[in-house]
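Take a moment to look over the structure below. We'll walk through it together, one piece at a time.

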Amino acid sequence: MADAGFAPAKVNLYLRVTGQRADGYHLLDSLAVFAGVGDRVSAAPAVALTLALRGPEAAALGAEPDNLVLRAARALAEAVGVAPAAALVLDKRLPVASGIGGGSADAAAALRVLAALWGAQVDPATVAAGLGADVPVCLASRPMRMQGIGEVLSLVPPLPRCGLLLANPRLALATPAVFRARQGGFSAPAPAPPAWPDAAALADWLRPLGNDLEAAAIGLCPPVATVLEAIAALPGCLLARMSGSGATCFGLFADANRAEAAAAALPAAWWRWGGGLSGAARP
Ligand code: C5P
């Protein structure tokens, strides 16, 4: 991978809750894509394991001893059979607890940079699922269909050129609370993804598939509805929807320029970003 330390935001273009396991985890069906905005993880040789936090969103993380980046480092070191020694730096740009997989993306980026630093002969994918349901797809960092609890991944047809806008009202939502607040039964999985000729066709295909956590998130955090309405009203918006368990919502646009211009029209008090996809999107 060209930029192993980049930890892009994960966006669930649709998210269907299809069942629940005996251990409480939910079975999902989701199409995950990656935005051109993200955190960054770097690793340098050191005699012990350390993590320095930087960036505009670092304050929200605090000095968490159980940071997922450190857990990823320890899990990989154990799998590889080396001492967990590295000086890690996490440049935090994505809002914390916001439904775009920031922590999972950071863990995945840590696995990639540490596998390179330690010359690991072990595939980091072997430890990814143990760190969280979203870590395997973040390790792939390309458009993927997620099933199981998120760890069963399959490739989808190349995405058409499109733009993505992300907006968060700067309110954190805890994923377990949103799953618990969800009402109603389970959804059928989505039909097999077709080859979408353009962003409008992708939006038409996504429209009926929804995000089964959206109503629960709005119940816990009513401003999510305001964000969705604001995005839907932006010129050129093809689809407005919440990502993951929220509160970040996205808008789909025909191209990156339109998404970038649209983001600038949203309230400055929100965290907002507009641009293109990262990963295996068609140019
Ligand atoms: O796996 P991860 O630590 O990211 O999940 C956080 C929480 O989200 C879980 O403890 C669980 O409550 C909920 N979750 C779920 N079903 C999933 C993924 C997450 O219920 N597929």
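This is a predicted model: local features need pLDDT of at least 70, side-chain atom pairs count only at pLDDT 80 or more; totals for chains, interfaces and linings use all residues.

Now look at the partners of strand 5. Strand 2 (residues 26–44) runs antiparallel to strand 5, and three bridges join the two. Here Leu31 sits opposite Arg145. Strand 5 also pairs with strand 6 (residues 152–155), again in the antiparallel sense, over four bridges. In that pairing, Met146 stands opposite Leu153. Strand 5 and strand 6 form a hairpin with four residues between the strands, and Gly148 in this hairpin takes a positive phi near 65°.

Next, hop over to strand 8 (residues 239–242). Strand 8 has both of its faces covered. Leu239 and Arg241 are buried on one side, and Ala240 and Met242 are buried on the other. Strand 8 runs antiparallel to strand 9 (residues 249–253), with four bridges joining them, and Leu239 stands opposite Leu252 of strand 9. This pair makes a hairpin as well, with six residues between the strands, where Gly244 takes a positive phi near 55°.

Let's step back to the whole chain. The domain assignment gives domain 1 (6–147) and domain 2 (157–278). Their centres, taken over C-alpha atoms, are 22 Å apart. Where the two meet, 29 residues of domain 1 are in contact with 35 residues of domain 2. On the domain 1 side, strand 1 (6–20) and strand 2 are the elements that give two or more residues, and strand 1 supplies the largest share, 11 residues. By class, that side has 17 nonpolar, nine polar and three charged residues.

Finally, there's the ligand. The residues that surround the ligand include Tyr25, His26, Leu28, Asp134, Ile149, Thr175, Pro176 and Phe179. Strand 2 and helix 5 (175–181) are the elements that give two or more residues to this shell, with the largest share, three residues, coming from helix 5. By class, the shell has six nonpolar, four polar and one charged residues. And which domains does the shell draw on? Domain 1 and domain 2 each give at least three residues to the shell around the ligand.

Methods: Residues are numbered from 1 along each chain as its sequence is written. Two strands pair if DSSP finds at least two bridges between them. A residue is buried if 20 or more other C-beta atoms lie within 10 Å of its own, exposed if 12 or fewer, and partly exposed in between; C-beta atoms are placed from the backbone. A residue is near a molecule or strand if its C-beta atom, placed from the backbone, lies within 6 Å of it. Ala, Val, Leu, Ile, Met, Phe, Trp, Tyr, Cys and Pro count as nonpolar, Asp, Glu, Lys and Arg as charged, and the others, Gly among them, as polar. Domain bounds come from an automatic or database domain assignment. Two residues are in contact if their C-beta atoms, placed from the backbone, lie within 7 Å.
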